[in-house]
Structures are given as C-alpha cells and as structure tokens.
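Have the model open while you read.

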Amino acid sequence: MTSLAQTLCRDCLTLFETAPPTRRCPQCGRPRLISHPELFNLSIAHMDCDAFYASVEKRDNPDLVDKPLIIGGETRGVVSTACYIARIRGVKSAMPMFQAMKLCPDAVVLPPRMDTYAEVSRSIRALMQDLTPDVEPLSLDEAFLDLSGTARLHGAPPALLLARLVKQMKDDLGITGSIGLSHNKFLAKVASDMDKPRGFYVIGQSDTAAFLHDRPVRLIWGIGPAAQNNLEAAGIRTFADLLRWERADLNARFGSTGDRLWHLARGQDTRKISAHRPIKSISNETTFNTDTMTADILDGYLWHLAVKVSDRAKARSLSGRVVTLKLKKSDHKSLTRRLTLREPTQMADTIYRTASDLLANAIDQGPFRLLGCGLSDLHPQSTHNQSSAIADLLDPGAQKRADAERATDKIRERFGKDAIIKGRALRNRPIK
C-alpha cells in the first residue's frame, strides 16, 4: 500500500505527494529518496558541509580522493579535521596528532589553507542567500537557513530548494553537504548530523517526542564533557531522564541552563534565525578528560580553538580587537586573561599567537581542566591591511606574511574583489 508520506528524490529532484511503492525513484531509478509526512511544510534548516577542509583538499587534488586525509599540523599537536576514510579508522577533530597517526599511519597530513576554505565558504553562502536572506552562519562550513515564505517566491517547497542547494554545491563547487530540516534550530542542527555524509534528515512536529525520547542529552549543542558529567551525576543521560524532572528542580540544580534543558527536552526552541543579530563575542573552549599543564598539549588545543574562532569570525565578516584566554583549574576556579590589539583581526594566526603569549604567562598556575579562546570588541571586517597588527606582536615572520597578504590583494585587484578572500595562508609554528 502506498504511504501518504511526501517524498523527494535528491538526485532528479522530483516531488511525489505519496511515497513510491519501491525504495527507488520512479523517475530516475536511484535510491536517494527522502519521505516524511511533513516534508513539504517544514522550513527551518541547518546545512553542514561534509569534512569541509578535507573535502576542499580532495577536490583540488584528485590523487587524494581514495586516501585517508588529515588536516592539521604535526607540530600543532592536534587534528583540525579528517576525511571520512580517516574517521572510519577512529580519527577525530581535536585528537592529538600522534594518536591519530597510530590509528591511521598511512594518512596524508596537510596544513590548513584558510584562505582557500574561506573562498569556498563565500561561494556556498552566496548560493544560500539566493534562496533566502535569512542565513545565519555558524562557521565557514555550516549555517542555519529560514525558508519560511520562500515557497511562493521560488515555486517550490523548502525541502526541494535545499536539495537543489547541496546538488549545486556538488556540481559547481565540488563540495558535499548534509541537510537537517525541522521546525526549530535545535532540531535542525541535530538532524544534520544524523545521516552524514551527503545526508538529508527530517524531524517533524509529529515525531519530535519519539525521536528525542531515548537519545543521549549530549546531542544538545554546547553540552561538552564537563556538562555531560554534571548531568550524569544527576541521573540524566537521555531526554527521557530530563522529562522526569520538574522545571523548578532543573532550575534549582542547573541555574539558567535548567530552563533551557526543560524546553529542549520537549523539542522546544524559540530562537529565530537572523543574519543580522548583533554578536558581542566569539569563543570556543574544550574540557580535557584529564587535567593537564603540559605545554605541548595546551598549545595544540589552543591552535585548534583559535582556528574555530577565526572561522566563525570570517563567516560573519567580523574582526575583533580583544583576544581572550580562558582557563579553568581542577578546583573549577577560572582564570581569564585578555589583550587588546591595536588593530582588530579575524586571523587565526594572530588570535593564536596572542592567546599563546597569554597562556605562557599563566601556565604555571595549572594543571587545567578547561581551555578556551575568544575574540570580542567585534566590528564589521574593514578593508584596511591587518598586517600592521601582526607586526606589532614582534613576530619575526610578520614581514613574510605581510608580503603574502599584499600579493593576495593584487590578485583581488586584478580578478575582482571576490576572486580570493582577504587573508593569508597559515604557517605552522613549532610547539614551544
């Protein structure tokens, strides 16, 4: 019997009001069908590129397509990202490089090319903005989209527009992405991780409760190892566990986070997608499984955090004047150190080097259970040369990087301002 579920073929982009009787598309014969009773009505989406840095490298060098690939730096100490071949072997982002190489000794290791990734990101965002002005980037490789009201404009439901988007990304840019489609931001982001790579997952209003019930609370964005441990100490491991708590009790136990947990346990999220929401700061942090004050480990993680902060700043076309280092000791006491730059920056290398100097002056107060890095006093990215700010740090390599940036500017002048994103290639810096 034919299902009433609305269906879309992600290959030929054909829509069906009811699900076909077989798992293959009646039009093109391919099996990449997505069916859901609410498929044509949902409009909140999250698009996440698949292993973005690694995908760009494989696109630009076809010899790497079938090889395990790790983006990072052996002297950095940690993995920035890894392709899915390496991930199958157990390699993960932020994993120490020596551990990754033990798991995948035949992996090709490449340093990140942030300028190239930013250029591809700009092209992807342009495709998104052709669909809707309500695009909220989270980093270079992911963004929320609100497609409410776009069906009338484009003559197609949001699900079809999203399928066209990832198909165009693959055809025009050589990059694949996964889509999460739902009725709010929380569930859309959860959905985009459910079927990677090249996934398209739907969570409707009608199946939200059943979907969440037995799933672990670590699905909640922002629930790291420390928060997960606190929840487990309270007997909360799944969303079903959360549902057993009264709202007042969650607030009493977890403060303002408790109210958020109460709503998310019920699949409720009223946050709006906005491309113009003012952002006061951008930060990222990581909690270690074991407290550490080992300089090599802290330095490697600090680089990884600086890249994430830089990615998010670039995705929003923002620069910051204040670099912040956050440390939390084993007794949960926090240390915060800040440095104000003469010129605002969005460059990972500048953020890293500034935070690294702050860390050097605080490392003797360890061991630490948490390390964080942030950028604040944010301003729209200006066109002035940022190399002066880098040079102010008395870095002996500043002139070389300044020359590289000037060369980039010449390319932009010759081929147009969008030919290459303003910036420079990051150089590996040996661990101190």
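1. Of the 432 residues in the protein chain, 52% count as buried (buried is under 20% relative accessible area, exposed is over 50%, and partly exposed is in between, with a 1.4 Å probe and protein chains only). Keep in mind that this is a predicted model, where local features need pLDDT of at least 70, side-chain atom pairs count only at pLDDT 80 or more, and totals for chains, interfaces and linings use all residues. Residues are numbered from 1 along each chain as its sequence is written, and side-chain values use heavy atoms, with hydrogens and water left out.

2. The protein chain has 16 helices and 15 strands (DSSP runs numbered from the N terminus: helices are H or I with at least four residues, strands are E with at least two).

3. Now find helix H13 (residues 295-315) and helix H14 (residues 348-360), which pack at an angle of about 140° with their axes 8 Å apart. Axes here are lines fitted to C-alpha atoms, for helices over the stretch in contact, and angles run from 0 to 180 degrees between N-to-C directions. H13 and H14 are therefore oblique to each other (under 35 degrees is roughly parallel, over 145 roughly antiparallel, 65 to 115 roughly perpendicular, and the rest oblique). Among the residues making the contact are Leu298 and Trp303 of H13 and Ile351 and Tyr352 of H14 (contact means heavy atoms within 4.5 Å).

4. Next, the sheet: four strands form an open sheet in the order S12-S15-S13-S14, with antiparallel pairing (two strands pair if DSSP finds at least two bridges between them). Strands S12 (281-292) and S14 (334-345) are the edges, each pairing on one side only. From one strand to the next, the twist averages 15°. S12 and strand S15 (residues 368-380) are joined by eight bridges, and Thr287 stands opposite Leu370 in S15.

5. Which peptide bonds are cis? The one joining Lys196 and Pro197 is, with omega about -10°, and so is the one from Gly366 to Pro367, with omega near 10°. Pro197 sits in the loop between helix H7 (185-192) and strand S11 (200-202), while Pro367 lies in the loop between H14 and S15.

6. Two non-glycine residues to check: Ala51 has a positive phi near 45°, and Asp377 has one of about 50°. Ala51 is in the loop between strand S4 (44-49) and helix H1 (52-60) and is buried, at 5% relative accessible area. Asp377 belongs to strand S15 and counts as partly exposed, at 34% relative accessibility.
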